[in-house]
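The exercises below are meant to be worked through with the sequence and the 3D structure in view. Try each task before reading its solution.

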Amino acid sequence: MTRIETPFGRHSTAAEVAHGIDLAGKRVIVTGAASGIGVETARVLASIGADVTLAVRDTDAGARVAAEISASTGNRNVHVARLDLADRASIGAFIAGWTGSLHVLVNNAGVMALPDRQLTAQGCEMQFAVNHLGHFALAIGLHDALAAADGARIVAVSSSAHMLSPVVFDDLHFAFRRYDPIGAYGQSKTANILFAVAASERWAADGITANALTPGAIATNLQRHTGGMKTPPERRKTVEQGAATSVLLATSPLLVGIGGRYFVDCNEAERVTQRTEDMGGVAPYALDRANAERLWDESLRLLRS
């Protein structure tokens, strides 16, 4: 399998990646697009003609962002819909309200390093529930809309933090392990990559591909529970650079028919055999097909609970 390489790199911006691409007539959902790199991802996709829906928990904030995106891009097809990924009723309502095809689903929303163990109403650990299971339920519910697009893409925003933990199937919700805020985050980010692997396998016949990525180190409100960005300044990215890989996976002609892979700095990451200081590359357990299938089956079981 040939590793995907592009002309872009860690300093490329989302606007540079999207230059020359036309998404007129394409419908896109970006979760968590009221702040951080989700805003820039939505803005750039709108700037090249996409009909963009901001799927957000805070619809007032989403409305302000949508108005700003429309004003700056001239694209009036920027919408807001409520979506709380920890609330299954909210996910169901969002899915029920969607009609027609869906060309790109950007699973961008997330929470990081919640200081205390929190559980959803169904007893799922909150970071796993929001970062993985909520997005899994959303994608499952929107499958037919994605299939109707004939070549739809799912973009799963993961993290280099997947290096900190595999998915621990025997104790997903820290019922027995001591709760670790960063370990729980890492597990959920590994789950994002495994989802992309399984979705690409299962839905290939429907023309749906899914890829995962790390956006890099960007100072946003995602780090509000960690005391702020700890990454040295020379290794940080701007929001515009952080959104670049998401936009690449959503739009690049180099990725037509390509799925189940993990990208960093706009290029496919190399598999590594151990974690390095900079947490570069991708851990083998995050791309393992058996792990991906097991997580898919377990996620379906959790959604039935």
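**Exercise 1.** Is the crossing of α5 and α7 left-handed or right-handed?

*Solution.* This is a predicted model, in which local features need pLDDT of at least 70, side-chain atom pairs count only at pLDDT 80 or more, and totals for chains, interfaces and linings use all residues. Residues are numbered from 1 along each chain as its sequence is written, and side-chain values use heavy atoms, leaving out hydrogens and water.

Begin with the elements: helices are DSSP runs of H or I with at least four residues, numbered from the N terminus. Helix α7 covers residues 181–202, and its axis lies 7 Å from that of α5, at an angle of about 20°. The two helices are therefore roughly parallel (an angle under 35 degrees between N-to-C directions). Their crossing is left-handed, a term for a near helix turned anticlockwise from the far one by less than a right angle.

**Exercise 2.** Determine where Asn131 is found, and whether Asn131 is buried or exposed.

*Solution.* Asn131 belongs to helix α5, residues 126–141. Because its relative accessibility is 1%, Asn131 counts as buried (under 20% relative accessible area, with a 1.4 Å probe and protein chains only). Beyond its neighbours within four places in sequence, Asn131 is in contact (heavy atoms within 4.5 Å) with residues including Ala109, Tyr185 and Asn192. The C-alpha atoms of Asn131 and Ala109 are 7.0 Å apart, although 22 residues separate the two along the chain.

Methods: Buried means under 20% relative accessible area, exposed over 50%, partly exposed in between (1.4 Å probe, protein chains only). Axes are lines fitted to C-alpha atoms, for helices over the stretch in contact, and angles run from 0 to 180 degrees between N-to-C directions. Angles under 35 degrees count as roughly parallel, over 145 as roughly antiparallel, 65 to 115 as roughly perpendicular and the rest as oblique.
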